[in-house]
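Me: I'd like a close look at one single part of this model. Could you walk me through how a pair of its helices pack together?

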Amino acid sequence: MAEQKKAVLMVHIDQEQGQLWQAALETQQLTVTWENAKQDLVQYLGSCDRQNLPDLLLMDMALKSPNSETLQSSSVCQWVTKQQVPVKVVLFNPRQERIKDVEHSWALRRGASDVLPRLSRGNLISEVARITALIGCSLITHPLEKIASSLGAEPVAIASNESTLTELSRISEINVSSGSEIKPKPKVDAKADNTVMYRGVRIRR
């Protein structure tokens, strides 16, 4: 009997980056499902039988809840932890080429397994390798090399027009640390105990 393929559930805001992730992950013999960005992910996961849950959820960290301005990343991570289900949550930020250390620490504190930047020719293989390592799969490099070489020298575009870029930038600054209230992105205040505050979470540097 053939071994069942690992399943990845993706939720993207950026169409082009979503297509790139889907193409890359499907070369790794993974079953990839791309869910609508308007979906309430906690409700969606809760409706799944335990055996039908994805092995990994790759979600845009700017994804908002359907009926509010809060981000879904925290509620999804909390649900996975509370239900003790074997789903790895990886956050994705298509608006950044590199993830800041404080942002990575914030994501881990929230319960995510990792947080990744936008895909480009230079990082496609290494970022996909982080996904396959998380779910215990061997990396298949050859097809990824072909995809990377087809991207050209420039990074993948992250927005089709100026208004979309402005909206994504605005969304990325929403503070999700306190209910549905929208707040400007807080400044990181250094403390004497060698910790910083990031989006309502104290993180040791």
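**A helix pair up close**

Reply: α5 and α6 are oblique to each other, a label for angles that are not under 35 degrees (roughly parallel), over 145 (roughly antiparallel) or 65 to 115 (roughly perpendicular). Before going on: this is a predicted model, where local features need pLDDT of at least 70, side-chain atom pairs count only at pLDDT 80 or more, and totals for chains, interfaces and linings use all residues. Residues are numbered from 1 along each chain as its sequence is written, and side-chain values use heavy atoms, with hydrogens and water left out.

Helix α5 covers residues 124–134 and helix α6 covers residues 141–150; helices here are DSSP runs (H or I, at least four residues), numbered from the N terminus. Their axes cross at roughly 140° and come within 9 Å. Those axes are lines fitted to C-alpha atoms over the stretch in contact, and the angle, on a scale from 0 to 180 degrees, is taken between N-to-C directions.

As for handedness, α5 passes α6 in a right-handed crossing, i.e. the near helix is turned clockwise from the far one by less than a right angle.

Now the side chains. From α5, L124, I125 and V128 meet L144, E145 and I147 of α6, with contact meaning heavy atoms within 4.5 Å. By class, the residues of this contact are five nonpolar, no polar and one charged. Here Ala, Val, Leu, Ile, Met, Phe, Trp, Tyr, Cys and Pro count as nonpolar, Asp, Glu, Lys and Arg as charged, and the others, Gly among them, as polar.

Key:
Helix = DSSP H or I, 4+ residues; strand = E, 2+ residues; numbered from the N terminus.
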